[in-house]
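User: I'd like to learn how to read the strands, helices and cores in a model like this one. Could you walk me through it?

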Amino acid sequence: MKKFNSSQVNWGVIGAGSVCEKKSAPAMNKVSDSSVVAVMRRNADKAKDYAERHGIPKWYDDADSLINDEEVNAVYIATPPSSHLELTRKAANAGKPVYVEKPMARNHAECLEMIKICEEAGVPLFVAYYRRTLPNFLKVKRLIEEGEIGEPRYVSITINQAKHPDVLTDVSNWRIDPDVAGGGYFYDLGSHQLDYFDFLFGPIKEVNGIATNQSGQYPAEDIVLGNFSFESGVLGTGNWCYTTSNTSQKDEIVIIGNKGEIRFPCFWGTHVTLKRDGKEDEVFQFEMPENIQFYLIQSIVNELLGKGEECPSTGISAARTNWVMEQMVKNFY
């Protein structure tokens, strides 16, 4: 990779929409030696409004103009997945590091192309799987590494969710359009869980699944059942259903070991419960940063500036998650 020849990361944000209001872009102005210097939206009025509200000096309605801004030395792509490949190509060809929202792309082939483009350009590629840096998820990793549940045997995911409000109010919702998102809410939300398992146990080597659409509300899958095995020998299973009743709503990950188990939510809570043979249960509570991507963005800035830290979420790791999801839903598409 080419050396990042600057003492300050000056971000250009492409797609300054809802995810940039609180989750990500504001953190770029809070991390040391980092700031947002320009934002872009196709709607010029919305781009100007975002820039003025967040105190950002420049705004554009054209991605090329932002990418080629000489003051911008790193590009954050916060657009829907269908545009990630082309925007990554443009940013990398301009010699600028790329930080892209998840899922990384619509499919595994696009992910591999993005990796190739960035490698040939000599620029790093990071992906917004920020759970790899949050304190509750790091606690789970430490508990496993410290042997608190013994040898991990298997993991399970259950996500039962009633119909998302966007389905009822926004017929143009890109998250349920496979041509734009690659899949449905499984791609948008389940990717976080599968990427985190990659972080805990390493790559998944075998996977199979079945996906369908039971509700008929949109073209993407709305239920996925999957089984998988890791190179490390741990096994896994997952149930993702986005059309249950409110009564059945559930968000739980369970990791079973030969001496105990760990239970925790992925989305609806920040607690971690540890259960072990012969010991009282322990519940750990955590506070999240105001901007949920803060720690991941901090790791990116520190890596770029050579401060001795590496970002744990790269294009290479994120591509593996796309491959796993693709295997689970291939019967549907």
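Predicted model: local features only at pLDDT ≥ 70, side-chain atom pairs only at ≥ 80, totals over all residues.

User: How do β9 and β10 pair, and over how many bridges?

Analyst: Strands here are DSSP runs of E, at least two residues long, and helices are runs of H or I, at least four, with numbering from the N terminus. Two strands count as paired if DSSP finds at least two bridges between them. By that rule, β9 and β10 are antiparallel partners with seven bridges.

Residues are numbered from 1 along each chain as its sequence is written, and side-chain values use heavy atoms, leaving out hydrogens and water.

User: Which way does β7 run relative to β10, parallel or antiparallel?

Analyst: Those two are parallel, joined by seven bridges. Val-155, for one, has Gly-236 in β10 as its bridge partner.

User: What sheet do the strands build, and in which order?

Analyst: It's an open sheet of eight strands with mixed pairing, ordered β8-β9-β10-β7-β11-β12-β13-β14. β8 (204-212) and β14 (282-284) are the edges, each pairing on one side only. From one strand to the next, the twist averages 10°. Further along, β11 (residues 250-257) and β12 (residues 260-264) are antiparallel over four bridges, with Ile-256 standing opposite Glu-261 in β12.

User: Which strands does helix α11 lie across, and at what angle to β8?

Analyst: Angles run from 0 to 180 degrees between N-to-C directions, using lines fitted to C-alpha atoms, for helices over the stretch in contact; contact means heavy atoms within 4.5 Å. Helix α11 (residues 315-329) lies across β8, β9 and β10, at about 45° to β8. Helix α6 (residues 135-145) lies across β7, β11, β12, β13 and β14, at about 175° to β12.

User: Which residues touch the most other members of the largest nonpolar core?

Analyst: In soluble globular proteins, nonpolar side chains tend to be buried together. A nonpolar core is a set of buried Ala, Val, Leu, Ile, Met, Phe, Trp, Tyr and Cys residues joined through side-chain atoms within 4.5 Å, where buried means under 20% relative accessible area (1.4 Å probe, protein chains only). The largest one has 76 residues, and Trp-11, Tyr-99, Phe-186, Ile-255 and Met-328 touch the most other members. Helix α9 (residues 185-201) gives the largest share, ten residues.

How values were computed:
Buried < 20%, exposed > 50% of the residue type's maximum accessible area, 1.4 Å probe, protein only.
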